[in-house]
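Open the model in your viewer and keep the selection tool ready.

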Amino acid sequence: MREVLQLALASLREHPRRLLLTSLATIAAATLVVWVVSGYDALLKSHDEYAELSLGTYPLAIAPIDTSDPPSVPVLVATELEQDPAVAAVDRMWLLRTKLTPAAVQQKQAPSSLPAGTKKRPQIRSRYGGGPAATIPDIVLLATDSANAPFPMKSGEWLSRKEPLQVIIREDLAVRMDLAVGQQVYVGDDSTGATLTVAGIITVPVIRTAGGESMTPLRTPGSGQMFVTSQTAEQLTGSPAEISFLGISLKEATDIDGFRFGWAPRLSQFSTPVQFQRAIDIEEALDESATAENVKIQAFATTGISLIVASLVILCTLSMGVSERIRQYAVLRAVFMTRSQIALLIGLEGFFLGAIGFAGGVLLGQLLLWLTVTPAAEGLRYQGVLGVNCLALAACTTFGAALLASLIPAWRATRVRPVDAMSLSNQTRNARQWTWPLLPLGIILIALNPILTFLFPPGFGTQVFVSMAIGFVAMAIGFTLITPALVSLVDQQLGPLLSRLLHIDPKLLDSQLSSRTWRTSGAAISMAVGMSLFVAVHVWGMTMLDAFIPGNWAPDALLAFHPYGLPPEQADQVRQIDGVDPIRCEPIVVEQPRLLNDLTGSAERASVTRQDNVVIVGIDLQSAFASESPLFEFNWSSAERQQMAGKLNSDRACLVPDHFLEETGLQIGDSFQLVPPENPGTPVEYAIAGALHLPGWHWQTKQTGFRSRTHRAAAIVFADYDAVAEDFSLPTASYVWLSYNSPSADPPQIEKEASRLYSSVLNQPASAGRATEDKPGVQIMPVEGIRQQTRDAAAGWIWMLSQIPLISAAIACIGMLNMMLVSIRSRSWELGVIRAIGITRGSIVRAILAEGILIGIVACVISLGFGILAGWCGAGFAKYTSFFGGLSPTLIIPWAEILLGMALFLTVVTVAMLWPALKIGRTSPHLLMQQGRASF
């Protein structure tokens, strides 16, 4: 064992530069893991701290066992607990969601000039164009009659039963809305809301990350953003108070564990089984939440990428060592070493490389965290500290890479026989022998993934993950098998072209890559790992995004008349505004009713298209879809347009997106029922007259404020204006959808003219751009602005996700540099002779650079093929795995971003090759011939 250890250390010391480069690559991979996983550890520690505080002053809480769709806690639970002599107080808590608006900007009574019955529509302000951020549509309200505040009061006083119209605001929410004690806010919808006075500001623990606020499915006092009395909550909702959970206060000297174990069997016997909730339960729920799972996935994905890159870099290093020491191993086998000792020797070399990478990565990662990490997110107080997960995954990356990388070289070394000391096999010939026969098998394996994704869709459940695993693993193996053929192809076809571009003799590049096929393939594959993921992220991201960008069907702009809308006859006057196409301009009414029946199966598995409600738009269907100059553009023939016009004659006809039919199983001609929000006892029915392909409808409805009741919708439905206005009590048009009459139309000028029209109708000033605190307004929302805003927001996230693959590709370049150094060293005598016969040092330098560029091109070709297929198949599988995957988008390849990334990658490759190229260029011919096969 001692001799083996000494030989392993001597082998590493024999090539100090190779050891340095491999160590740097492994350290960089470990540092990348430390950098990303430290955020996950910080989140877990913050969850631990939050869990200790989220119950507030209560040592225990009681809530339903079912957390997926929790029912109310039976009143009998609270009644029996109150009779226990160990209980000091049982506080009933009711959690519900509502809207919050400062009273100063709450909607006022409509002017008398509007038709009778006109009122302001409940709405979510448009996110486009900087609309008012005053109304927050999704606030967690906690109703309680507790005599004491569950958390410290920052200012003001706790709720008083003598003053029911009071509210306590969470500190961060008060800062966000600029609220103070004594101010008034409007809580709830128009029909059931009320104006409340802010009695105090309360400090509630919050965990915020880059992805937003961490949420737990468990009901705790820390879930509340506003606090009111039960009486106030009943007034806001128009229904009697319920019990979402109970806060339990115990008397002093009570044994909490004994109390809990004594009551636990009884709690499960109520009509709704309930259970105790402690800090540990809350921590576990947070650790399993969507936010934590996303960070966890990112951490493990980074570890996986770094593991692959580090193992490939170490593999190249060990393989080169084995190839160079074949005769040495044969002599050692002949003298005293067994096969197992030879394998142990290779394993120890890999272990030492992994140990160097782990130690260096942890130290460098900790240093970077100390220098650069700032309190970027409130609540994450441990970002600069390495946790258990961080160290474990860093060790997995480095030592795991060393283990994996040692397997093949160790197997090769153990195959060496003592007689091999007298001869060397022709490895080049053997490599070329297998290059082309592997190509058909590789192509078959590559084709397996799209076949499983699109020809034989897996459906929902575990089958989709099995198909994904088989498809992506087969595709990875397939691209590995075709890489030798790609090396030969690039060498033969692009080598001469690159020679001409760099003004070097083509013979200097002739078959340089093909003569070392396996070594070149290994370097290209190691670099292609990161670039493949880079391409896949962009293809997948842009393909998924395409379904959310409004397509060419969408008119040029939408005019919103907040908050009262316009009577239809006045809305028609928008046609006269300069810049508006009078033929392609239609007033609309919009509502977001619930489906009477859950046709999409949202209760079973909710997604972006599986919801229990739709957005319905009332519009002149004939003019908007079936006229000679329709507002909505579709590639219909005259016959198709006439056929559509006939189907739209019925006043109960409607048009739906094509995906709605797929999700619901409905067909053209079928009917479905909707529940009017303000008249739920009288459902209305519509018949499907046609299905439209409407890419981007989802984001169009989000950015324009069409989704006024809730933040999700299953589809946008177009129906007759009069029918929708009557069914949903909409006497005024809240929007006008229009197209421009020329490319030079000025949207701000149209908005200004529309505000003048709105002012004349209301007999009061109306602002252009947005509604203000004391007057209504008109806002124009060009569809191109929505498209650009969506693209810009998505592009930022996609580039952020692609940073780690790019960094890993740069790390892999170190492995390629190692390979090139060995390649140059093995040709020192040959290069010396070339220099001696008159080839200039500049030509040699350019030839070395060209070799590196050709290897980089091979990596780019592999990355392009694997990335496009992976992104395309990933978008296909997303239909069955992702919340946003139900829109069946078409393949989008963002060539600009991909080519930019590859240009950056080839630049890094070229820069990495400068050192060996310049070094060999500065060496004199006689020194090169003297070096021969000497080591660095």
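Two strands count as paired if DSSP finds at least two bridges between them. Keep that in mind for the first stop. The model is predicted.

**Stop 1: the sheet**

Select β17 (residues 653-657) and β19 (residues 684-692). These strands pair in the parallel sense over 5 bridges. Now pick Ala 653. Its bridge partner in β19 is Ala 687.

β18 and β19 pair in the antiparallel sense, over 4 bridges. Click Leu 674: its bridge partner in β19 is Val 684. Strands of a sheet pair through backbone hydrogen bonds, parallel or antiparallel.

Next, select β14 (residues 580-591) and β16 (residues 615-619). Their pairing is antiparallel, over 3 bridges. Val 590 has Val 617 of β16 as its bridge partner.

Zoom out to the whole sheet. It is open and has 11 strands, with mixed pairing. Trace the order: β15-β18-β19-β17-β20-β16-β14-β21-β13-β23-β22. Which strands stand at the edges? They are β15 (594-595) and β22 (767-768). Each has a single partner strand, so one side of each is left without a neighbour in the sheet.

**Stop 2: a helix pair**

Select α14 (residues 462-502) and α26 (residues 841-881). A packed pair of helices is described by the angle between the axes and the distance between them. Here α14 and α26 pack at an angle of about 150 degrees, and their axes are 8 Å apart. Angles over 145 degrees count as roughly antiparallel, so α14 is roughly antiparallel to α26. The crossing of α14 past α26 is right-handed.

Colour the contact by residue class. The residues where α14 meets α26 divide into 26 nonpolar, 6 polar and 1 charged.

**Stop 3: a cavity**

How many cavities of 30 Å³ or more does the structure hold? There are 4. Go to the second largest cavity, with a volume of about 120 Å³. It is lined by 13 residues. Select Ser 11, Leu 12, Arg 18, Thr 317 and Glu 349, the lining residues closest to its centre.

Now show the helices around the second largest cavity. α1 (2-14), α2 (16-53), α8 (290-324) and α10 (339-372) are the elements that give two or more residues to its lining. The largest share, 4 residues, comes from α8. By class, the lining of this cavity has 6 nonpolar, 4 polar and 3 charged residues.

Definitions and conventions
Residues are numbered from 1 along each chain as its sequence is written. This is a predicted model: local features need pLDDT of at least 70, side-chain atom pairs count only at pLDDT 80 or more; totals for chains, interfaces and linings use all residues. Side-chain values use heavy atoms; hydrogens and water are left out. On a 1 Å grid over the protein atoms alone, a cavity is a set of points where a 1.4 Å probe fits but cannot get out, and a pocket is an open set with protein on both sides within 12 Å along at least five of seven lines; lining residues have an atom within 4 Å of a point. Grid points are joined across faces, edges and corners, and a volume is the space filled by probe spheres set on the points. Ala, Val, Leu, Ile, Met, Phe, Trp, Tyr, Cys and Pro count as nonpolar, Asp, Glu, Lys and Arg as charged, and the others, Gly among them, as polar. Axes are lines fitted to C-alpha atoms, for helices over the stretch in contact, and angles run from 0 to 180 degrees between N-to-C directions. Angles under 35 degrees count as roughly parallel, over 145 as roughly antiparallel, 65 to 115 as roughly perpendicular and the rest as oblique. A crossing is left-handed if the near helix is turned anticlockwise from the far one by less than a right angle, and right-handed if clockwise.
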